[in-house]
Amino acid sequence: MTQLGHFDLIARFYDRVFRFPGPERLMNLLQARPSERILDIGGGTGRVSQTFGGDYVVIVCDPSWHMLQEARRKCIIVCGCLAEHLPFAEGAFDRIVVVDAFHHLHDQHAAVEEMLRVLRPGGRLVVEEPDIRRWPVKLVALGERLLLMRSRFYSIADLGRVFEGAGARIVAAEEEHDLNVRLAVEKKRDGGR
Ligand SMILES: C[S@@+](CC[C@H](N)C(=O)[O-])C[C@H]1O[C@@H](n2cnc3c(N)ncnc32)[C@H](O)[C@@H]1O
């Protein structure tokens, strides 16, 4: 089964099983202003996007049709696509979030290039990932391996290196608050190179 098959199977129950504790830390790092355009990459059922409130233009993109069906039920705008091939123009978004999805991406380096391409210069991107140093996360990672999901977890330092290597500037790195790490980066105003 492909990774997408796994998410299609659990889409109906996803929000009930995986409770989102709240967007406060994420939004604090994202610093979005009213009416800005936010892209939620690997946004699945819209579990996270639905907590942003109505002040922004939010699009959830994800390749899993069943996950996106759940997001549509929440009246969220959706786009069926891979992070590695985003069907958006250069600089189309002011803000990007990637929550609990980066480790699932097939080609993480290509996806980072694409994320920075569709982010406007000066725009901000926040990646939230399970902290692979913690035992509960290690157990989840083992479970995903047994389910033949090809997850690849990064430490926050390595995540930072990937984004810096693609030309982004790190503005914040959090790793002590809970079972997640959060990295906030900005696309440089000269285009990131
Ligand atoms: C663990 S879920 C997280 C969903 C959502 N971000 C949340 O926190 O509720 C991971 C999501 O990543 C999506 N995904 C997997 N591979 C992807 C890819 N190459 N590009 C974009 N999304 C992908 C899956 O379909 C799934 O919806």
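Which residues form a nonpolar patch on the surface? In this predicted model they are L9, I10, F13, V17 and F18, with about 480 Å² of accessible area together (Shrake-Rupley method, 1.4 Å probe; for residues, only the protein chains shown count as cover).

A word on conventions. Residues are numbered from 1 along each chain as its sequence is written. Local features need pLDDT of at least 70 and side-chain atom pairs pLDDT 80 or more, while totals for chains, interfaces and linings use all residues; side-chain values use heavy atoms, without hydrogens and water.

I turn to the ligand. An N or O atom in the D62 side chain is 2.6 Å from a ligand oxygen. A ligand nitrogen lies 2.9 Å from a backbone N or O atom of A83, and a ligand nitrogen is 2.9 Å from an N or O atom in the side chain of E84. Of the 600 Å² that the ligand exposes alone, the protein buries 98%.

Finally, helix α4 spans residues 65-73 (a DSSP run of H or I, at least four residues, numbered from the N terminus). M67, L68, E70 and A71 are its buried residues (under 20% relative accessible area). Because they cover an arc of only 150° around the axis, they lie on the same side of α4 (directions from the axis to the C-beta atoms). The face turned away carries W65, R72 and R73, which are exposed (over 50%).

Terms used
Patch = residues over 30% accessible without salt bridge, like charges linked within 9 Å, V, L, I, M, F, W, Y side chains within 5 Å. Salt bridge = Lys/Arg side-chain N within 4 Å of Asp/Glu carboxyl O. Polar contact = N/O pair within 3.5 Å; in protein donor to acceptor, adjacent residues only side chain to side chain. Buried < 20%, exposed > 50% of the residue type's maximum accessible area, 1.4 Å probe, protein only. Helix = DSSP H or I, 4+ residues; strand = E, 2+ residues; numbered from the N terminus.
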